[in-house]
Structure formats: C-alpha cells, structure tokens
Amino acid sequence: MDNITLLGIDLAKNIFQLHGVDKLGRTKLKRTLRRRALVKYVSQLPVCTIAMEACSSSNHFSRKFQKFGHEVKIISPQFVTPFVQSNKNDAADAEAICEAASRLNMRFVSTKSVAQQDIQCLHRVRKLLVGNRTSLTNEIRSILGEFGIVFSQGRSALEEGIKGLLNGSHPPEELSSKGLVLLQALYSELLELDKRIEDYELKLEQIARQPQCQRLLKVGGLGILSVTALTVALADPEQFKNGRNFAAWLGLVPKHVGTGGKSRILGISKRGNTDLRTLLIHGARAKLRGINRKFINGTKLDPLEDWAYRLCQRQGFNKATVALANKNARIAWSISANKTDFDPKEAVALLKEAA
C-alpha cells in the first residue's frame, strides 16, 4: 500500500470497489469493502490522490477523506464511461475512474460544503412540494369533473370554485355530502402544501441576504431562487476558466458537430444542472417581457436591455430568451469571480469583445 499514489473508488450503497495504482500506473490494489469499513481503511492509507465519480454520496466521502490529508478528485460519470474496458462491473468501473483521473486534461467537480448541500436540499424539497401541489390540484379537478363540475384554468379559479362548493354558493351538481367531505380534506391538504412551500421560500429569502446573493440580485432576470442556486454552483468560480465555460457547463451554449473542416452549429447542449438552467431561462423570459413592455411604454432601456430588445427583434423571443440566460450566467460568474457589482454598460462591452 505504500506505493499507491492514486486510488479509484467505485461508490455504491453498501459495497465499495477500490483500485489503486502507483506513479507508473501499475495496479497495486484491488479490494472490495463494506460501507462501515471504508472510512477506517482509507484513514490508514498513506496520503494519496483519491478519485470518485460524482454521485449522491461523493461530497460526503470527499469531506471525510480530505480530513485524513488525501487529495480528492470527483469526476463526472460521463467522463469515466469511455475508460471502462470490456464488460462493465464494479472492478472495471474503479479501474476506469483511476484511468480517467490520471489524465492531465480531465475536468473535475469541486467538493461542496455542508452549507452548500443544505441550500441544494432546500431547492430539492421545494421542487418536490411544488410538484405535489400541481398533482393535487389536477386530482381535485379530475374528481370534480366526474361529477360534472368544471372550473376555468388557473389556481385562483379553482380555489374560488372550491370555496363556493363548500359554503353552498356554487351548485354541487351530483356531488354528494360524502364528496364534499372528501373535497374539504383535499383542500386542507392543498393549503398545507402552500404553507410548507412558503416556509421554504422564506428560508431561501434569508439565504439571499448574503452579500454575494445581493450582488447577483441586481442582475435583471435573477430572482431569489436563481441567486441561491448560483451561490452553490459558483462557490468556487475558479473551477471555470471564464464565464463562457460556466455557461457551457450549464448547457446554455450551442453544441456543434464538425468533421473534415466543416462544423454544424446546433441547438443548445442542455447538459449540466437542469434545474439551474431552467431557473435562468424562466428568469430571462420574464425579464425580456419586461423589456418589451418598457419599450412600448417609451421607457429608456439601459445598454444591456437595449441589446436584448434588438436581439429579440432579429432572432425572435425564444432565442433571445436563451441568449439572455446565457448572458446572465456569464455575468453571474464574473460577479462571483471578481466580487464586483453589476454594471450594464460593462456587461455589453464584454459582450462585444466576446463577439
């Protein structure tokens, strides 16, 4: 074990496969460990580099291993797959992790802190509750529809209709007294989901009071959900070479296919963090609508808004929305990396230089 310089670990729930190599790449260790024995075993190893695939427990084990003095490298699974030789199994995966980590041009994922993972969990649970709320409203509509009761689209129309059924101001059609009791229970559950979602949003608002979040909130198209998610993604801005690399990591840049000296530019790649990319695009869409209203009302646009409006007129609303989301991602990286405030004039100047 003294000769091991790089250790690849294939993470799982209970069974972990280890593959260690020396500085010449020769295999020195092949071992399978249970979960309860992994941390103790690694603590007894000489200081080395440990590589793992990015997964649900990779940040936890990374923090554990770093306490023992090891250098930890987390690799995206898509970059490990090409190095798997022959049939796929745990041993082959651990070996492939070692091979991928030894590449000089390999890109790695930074280890998240407990506080950063707490923010991610807030976003994840809120998203789950919003999905449950949508499912519940659809279920209520379908149940009422079976009794001949149909309300207009939108949450407010549904809520007013439910209140009317419960207080007797709306004709119940074929809905019996037992059905009204069931409707009351479902409506109470809907209100409880609203309260829980509001509680999580209040927690995110408290997080958004941090200085970095306050700087990002000055960018048009970024709200509380976006900036709190960006603080996690940009906790270590230096892992990205520049703003374009960050936008590419989010999947907001065009993918291309090239061969024989000819390249075809396609749509955006849509790789990386889907939730954060969605937040940026929704925020950019809302911002672009506001820009169009300002122009119609005769309000003067700042340089960045003027760029977005002219782009919308040339390329259409949807393409301009994605372009503005791309731009906001680059601005967010620049603000986080340089710890500066947002300046629309400087943003447009940088955009012209990039073009």
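**Entry 1: helix 1**

I began with the packing of helix 1. Its buried residues pack against strand 1 (6–10), strand 2 (15–21), strand 3 (27–34), strand 4 (49–53) and helix 2 (58–66). I note here that I am working from a predicted model.

Which residues of helix 1 are buried? In this helix, residues 35–43, I found L38, Y41 and V42 buried. They cover an arc of only 90° around the axis, so they sit on the same side of helix 1.

Turned away from the buried side, helix 1 carries R36 and K40, which are exposed.

**Entry 2: strand 1**

Next I looked at strand 1, one of the elements that the buried residues of helix 1 pack against. Five of its five residues are buried, so strand 1 is largely enclosed by the rest of the structure.

In a regular strand the side chains alternate between the two faces of the sheet. L6, G8 and D10 are buried on one side. L7 and I9 are buried on the other. Both faces are covered.

How do strand 1 and strand 2 run, parallel or antiparallel? They run antiparallel, joined by five bridges. The two form a hairpin, with four residues between them. For one position I looked up the partner: L6 is bridged to V21 in strand 2.

Strand 4 pairs with strand 1 as well, but these two run parallel. Four bridges join them. Here I found G8 opposite A51 of strand 4.

**Entry 3: D10**

I stayed in strand 1 for D10. This residue is buried, yet I found no salt bridge for it.

I then listed what D10 does touch, leaving out residues up to four places away in sequence. The contacts are I15, F16, Q17, E53, D90, D93, A94 and I97.

**Entry 4: aromatic rings**

I searched the whole structure for aromatic pairs and got six. Such a pair is described by the distance of the centres and the angle of the planes. I took F246 and W249 for a closer look. Their ring centres are 5.9 Å apart and their planes stand at 20°, so the pair is stacked; the cut-off for stacking is under 30 degrees.

Both residues belong to helix 10, residues 243–249. They are three residues apart, which means about one helical turn separates them. F246 is buried, at 0% relative accessible area. W249 is partly exposed, at 35%.

I also noted a cluster: F16, F61 and F65 form one aromatic group. F16 was already on my page as a contact of D10.

**Entry 5: P254**

Last, I looked at P254, in strand 6, residues 254–259. Its relative accessible area is 43%, so P254 counts as partly exposed.

What does P254 touch beyond four places away in sequence? I found I265, L266, G267 and I268.

Note on methods. Residues numbered from 1 in each chain as written. Predicted model: local features only at pLDDT ≥ 70, side-chain atom pairs only at ≥ 80, totals over all residues. Heavy atoms only, no water. Buried < 20%, exposed > 50% of the residue type's maximum accessible area, 1.4 Å probe, protein only. Arc of directions from axis to C-beta. Contact = heavy atoms within 4.5 Å. Lys, Arg positive; Asp, Glu negative; His and termini not counted. Salt bridge = Lys/Arg side-chain N within 4 Å of Asp/Glu carboxyl O. Pairing = 2+ DSSP bridges. Phe/Tyr/Trp six-rings, centres within 6.5 Å; stacked < 30°, edge-to-face > 60°.
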